[in-house]
Amino acid sequence: SGCSTLPKSLPLSNAQKSSELTQWQMRGKLAVITPTERQAVNFFWQRNNENYQTIITTSLGINVLSASRNESGMRLTTDGQTYQASMPEELIVKLTGWQLPIDRLNHWLIADVTDKDGEIIKYTDGLIKDFIPACTVNMQPSCPTETRVIYSDYRKVNKLSLPHQITLKTGQQTFKLKVSGWL
């Protein structure tokens with residue numbers, strides 16, 4: 001009887017729309033562009049319901065950043081040190097300088113947003129082209145200033161059209177993701 005309250009979860013191969021996805025993996029390249037640096041790294045993201053794990057490595061496979069989120073909070077490892085926090089965005093800014101709304105990425109990476117989440121502009125085929133989160137529109141202090149997500153390439157993965165190029169802009173920082181694979 002306890003299992004009846006769990007959210008419905010479909011594997012990537014059976015989902016009809018991105019909002020049904022609660023367990024998935026993606027990998028690819030990430031370009032981080034700030035006023036003072038340009039960095040290209042590899043990334044891996046794994047989602048299991050609202051929990052996630054991401055690993056960012058150099059092209060040589062050297063770990064730059066590992067982050068995992070579960071009901072206990074965020075655990076982040078960088079430069080051989082492990083840190084924990086209940087507010088992961090603040091921890092990432094403190095350790096890397098990146099204004100990365102990491103908790104929201106579970107939904108943003110698969111373009112799982114609706115009008116209640118913010119302002120949406122769509123392509124003629126109905127896929128999301130541009131998304132400005134409600135926290136930016138309403139100028140909430142927990143949201144990085146001028147946050148915008150741009151989806152410039154979708155490809156079919158089984159029955160779904162999933163983003164393969166995503167640009168996340170937060171203030172003067174830009175994160176460009178190029179997805180090489182979905183699982």
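Analyst: Strands here are DSSP runs (E, at least two residues; helices are H or I, at least four), numbered from the N terminus. The model is predicted, so local features need pLDDT of at least 70 and side-chain atom pairs 80 or more, while totals for chains, interfaces and linings use all residues. Numbering starts from 1 along each chain, and side-chain values use heavy atoms, leaving out hydrogens and water.

User: What makes the space a cavity, and what volume does the largest cavity have?

Analyst: It counts as a cavity because a 1.4 Å probe fits at its points, on a 1 Å grid over the protein atoms alone, but cannot get out. The volume is about 140 Å³, taken as the space filled by probe spheres set on the points, which are joined across faces, edges and corners. The structure holds one cavity of 30 Å³ or more.

User: Which residues lie nearest the centre of the largest cavity?

Analyst: L30, W45, L100, L105 and L177, out of 13 lining residues; lining means having an atom within 4 Å of a point. The lining divides into twelve nonpolar, one polar and no charged, where Ala, Val, Leu, Ile, Met, Phe, Trp, Tyr, Cys and Pro count as nonpolar, Asp, Glu, Lys and Arg as charged, and the others, Gly among them, as polar.

User: How many aromatic pairs does a search of the whole structure find?

Analyst: Six. Rings of Phe, Tyr and Trp (its six-membered ring) pair if their centres lie within 6.5 Å; planes under 30 degrees apart are stacked, over 60 edge-to-face, the rest tilted.

User: Why is the pair of W98 and F175 called edge-to-face?

Analyst: Their centres are 6.0 Å apart and their planes at 70°, so the pair is edge-to-face. W98 sits in the loop between α1 (88-96) and α2 (105-108) and F175 in β11, so the pair ties together parts 77 residues apart in sequence.

Terms used
1 Å grid on protein atoms, 1.4 Å probe; cavity = no way out; pocket = protein on both sides within 12 Å on 5 of 7 lines; lining within 4 Å.
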